[in-house]
Amino acid sequence: MSTLLDSLNWRYATKKFDATKKISDADFNTLKEAVRLAASSYGLQPFKVVIVENPEIREKLKAAAWGQTQVTDASHLFIFANDLNLDATSVAAYIKNISETRGVPTEALGGFADMMNGVISNLSQEAKNIWTSKQTYIALGTLLAAAAELKIDATPMEGFNAAQFNEILGFDKLGLNASVIATVGYRHDEDDAQHYKKVRKSQEELFITL
């Protein structure tokens, strides 16, 4: 039986996907649910995940990603877009969700709401954008681990022009920003990178115990 460590050793940043292989609907839904369940600060989830299936749009995005073929050849393209308009309205919607999900009166959650609003209101717009962008990476990491468990290849990618992505996808009108992307599918037999030994720091090099 495969363990999480086996799966993480198996995965790698796929450079060439097999465009003929598609993820099943069941596995695709599992990946989406894993991302939905990912951790985020306060549980606010200040981002959207845009999945681009339209081949014409993906061709445009490939050009904005310096021609990297993963963008068009992978089964699915996930774009993690951070919220540029996080404010009290966002907090109120989250409090409402908590109230309905847990059966707790909104009045009882006032202290939590005030705390979140206080933190957010004291952030500059730049600091707020950095913070919401960081949240997308937590969701991305969850996607990578979930994909590995299913033996689905996934490649995290920062190599793209965010401004061009935003323009192509109309994110400017939605108050979103393309933070990081992931291409998900199945490795091509000719992808040499799958044969490379995984290179990581040792635990002694990586961890510091105080």
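## Strand S2 and its partners

In this predicted model, strand S2, which spans residues 76-83, is mostly covered, since eight of its eight residues are buried. Strand S1, made of residues 47-52, pairs with S2 in the antiparallel sense, and six bridges join the two. Within this pairing, Val49 has Phe80 of S2 as its bridge partner.

S2 also pairs with strand S4, formed by residues 176-185, and here the strands again run antiparallel, with eight bridges between them. One of the residue pairs to look for in the structure is Ile79 with Ile181, the latter being the bridge partner in S4.

## Ser179 in strand S4

Ser179 is a residue of strand S4, and because its relative accessible area is 10%, which is under 20%, Ser179 counts as buried. The side chain of Ser179 makes a polar contact, at 2.7 Å, with the side chain of Ser133.

When neighbours within four places in sequence are left aside, the residues in contact with Ser179 include Phe80, Ala81 and Asn82, and among them are also Ser133, Thr136, Tyr137 and Phe160.

## Helices H2 and H7

Helix H2 (residues 25-36) packs with helix H7 (residues 125-149) at an angle of about 145°, and the axes of these helices are 8 Å apart. The crossing that H2 and H7 form is right-handed.

On the H2 side, the contact is made by Leu31, Ala34 and Val35, which meet Ala139, Thr142, Leu143, Ala146 and Ala147 of H7. Of the residues in this contact between H2 and H7, seven are nonpolar and one is polar, while no charged residue takes part.

Terms used
Residues numbered from 1 in each chain as written. Predicted model: local features only at pLDDT ≥ 70, side-chain atom pairs only at ≥ 80, totals over all residues. Heavy atoms only, no water. Buried < 20%, exposed > 50% of the residue type's maximum accessible area, 1.4 Å probe, protein only. Helix = DSSP H or I, 4+ residues; strand = E, 2+ residues; numbered from the N terminus. Pairing = 2+ DSSP bridges. Axes fitted to C-alpha atoms, helices over the stretch in contact; angles between N-to-C directions. Left-handed = near helix turned anticlockwise from the far one by under 90°. Contact = heavy atoms within 4.5 Å. Nonpolar A, V, L, I, M, F, W, Y, C, P; charged D, E, K, R; others polar. Polar contact = N/O pair within 3.5 Å; in protein donor to acceptor, adjacent residues only side chain to side chain.
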